[in-house]
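Here's a structure to go through together.

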Amino acid sequence: MANRRSQKTLVALFGYDSSPFTQKVRLALKLKQIPYTFVIVPSMMPRPILKDNFNLTYRKIPVLAIGREIYIDTSLILEALEHSFPPSEGYGSLYPGPTTTYRPLIRGFASYWTDRPLFRVTTGLIPASVWRTHFGTDRANLIGHKLDAEKLERKVPQNLSGLDLQLSLLEPLFTASGKKWIFDGESPSAADIALWYQLDWAGKISRGQGIENLTGGGTADGDGEGLGRVWGKERYPGVVAWFERAKEYFEKLPSTETRIEKEDEGGIAGTMDRLKTVSIVEDEIPLIPTPAGPHSSLDRRNGLVAGAEVSVAPDDTGRDSPTIGTLLAITPEEVVIRPKTIGDGPKVGPVKVHFPRVGFVVRPVTRGTARL
C-alpha cells in the first residue's frame, strides 16, 4: 500500500526480537501497512548506532526514526505513525471506525494498564536463568537496584496469580458483550495491539522462548514454567478466542518490513546514508495534534522555554540516565529537543528527538532562562 509519503520518507525501527515493546511497534507498522526498515540493536547497552548517529543515550527500546525525526516510547511512536501516515493517504488506521471516539480511552488503556501493571506482571514470569546473566546486571543498573535471581524465581507463582487477576478483569470485555475486537472496532485497533503483544510475549518469555536473544547468548531458550496454570479456553474462553482471532488477523497481513541484522554493517551503513539524504527543516517541528496548544505561561514558570537546556528521563526505570538537549518545542503531550552533541555526531546530520510527556519528566538543567 505504498504511496508518495512512503517513497520519500524513510521509516526505521531500532529494536530487537525479544523486546515486547519493539513487537508492539512492529504490529502497528504492519497494521497500518507502512514500509519500514527494522534495524536490530543489542538488547543491552552500549548501542553505538544510536549514540553515534543520533547522539542518543536513552537506554530503552524501541526507537523510531521517521526521516530524522526521532521518536521515543511506544505511547508517542504510535501516535506519530497515525498522524504522519493517516488513513486518508491509504494507510491502515490504529483507530478504525467507531474506535475513533474512544481514542483517549485506548491511549489510556495502553499507557496506564497494559504497558505498566500488566507488563510488571509479565516481566515477573521471566525465567530466573535470565537474571543470572549479564542481562540481569544491565537491567539492575537500569532499575537502580540489585536483582536477586532466587527471590525473583520464588515470586513466579505470585506473578502468575497477578496475571490471573488481569485475565479475570479482561474476560468480560469479550464474553459479556460478544465483542470481536476491543472497543467495538471493525478491525483491530491500538487497544488490540496493546493487549495482544503483552499476552503473546508473556506466553513466549514465561516458557523461555527468546531468552537467548534477550540475554545476548547468556542463556539458552526453553527454561520456564509457561502460562498453563492460568491461560486456557476453559478458564478464560473469551480472552483466548480473541487472542487467537487477533493472531490470525495479524499473520494474514502482508509484511512491510526490511530487516537489517546487527552484524550487517553494510545494511546499517546504507540505512544511515539514506537518513542523511532526508531533508530536515530546522525551524519546522512536526508535533502530534493536541486539543489545546502549548501552555506557554506555565511552561515558563517551570523553566521550559525554547532554547533552554533540559533533561528528559522516564519516571520509572532509567531515571539516572537522562537525555540532555536544547528544548525546541513543548506541548501538553510532547517535548522535542536537539540532543547534546557527543563526539562528532550526530553522524546522520541534525536530528530532533521527540519524547512523550506521559511517563517522562522534563526539567531545565539550569533555571537561568526561566522567567518566573
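**The sheet and its neighbours**

Glu69 and Tyr71 point one way from strand 4 and Ile70 and Ile72 point the other way, all of them buried (under 20% relative accessible area, with exposed over 50% and partly exposed in between; 1.4 Å probe, protein chains only). This is a predicted model, where local features need pLDDT of at least 70 and side-chain atom pairs count only at pLDDT 80 or more, while totals for chains, interfaces and linings use all residues. Residues are numbered from 1 along each chain as its sequence is written, and side-chain values use heavy atoms, leaving out hydrogens and water.

Q: In what order do the 10 strands form the open sheet?
A: Strands here are DSSP runs of E, at least two residues, and helices are runs of H or I, at least four, both numbered from the N terminus. Two strands pair if DSSP finds at least two bridges between them. The pairing is mixed, and strand 5 (257-260) and strand 10 (360-364) are the edges, each pairing on one side only.

Q: Which residue of strand 4 stands opposite Val63?
A: Strand 3 and strand 4 run antiparallel, joined by 4 bridges. They make a hairpin with 2 residues between them, and Gly67 in the turn has a positive phi of about 65 degrees. Opposite Val63 you'll find Ile72.

Q: What is the bridge partner of Ile70 in strand 9?
A: Strand 4 also pairs with strand 9, this time running parallel, through 3 bridges. In strand 9, Ile70 is partnered by Val353.

Q: What angle does the direction of helix 4 make with that of strand 4?
A: Helix 4 (residues 74-84) packs on the sheet, touching strand 3, strand 4 (69-72), strand 8 (334-339) and strand 9 (352-356); contact means heavy atoms within 4.5 Å. Axes are lines fitted to C-alpha atoms, for helices over the stretch in contact, and angles run from 0 to 180 degrees between N-to-C directions. For helix 4 against strand 4, that comes to about 135 degrees.

Q: Why does Thr256 count as buried?
A: Thr256 lies in the loop between helix 13 (237-252) and strand 5. Leaving aside neighbours within four places in sequence, Thr256 is in contact with Leu29, Lys30, Gln33, Ile34, Pro35 and Tyr36. Thr256 counts as buried because its relative accessibility is 15%.
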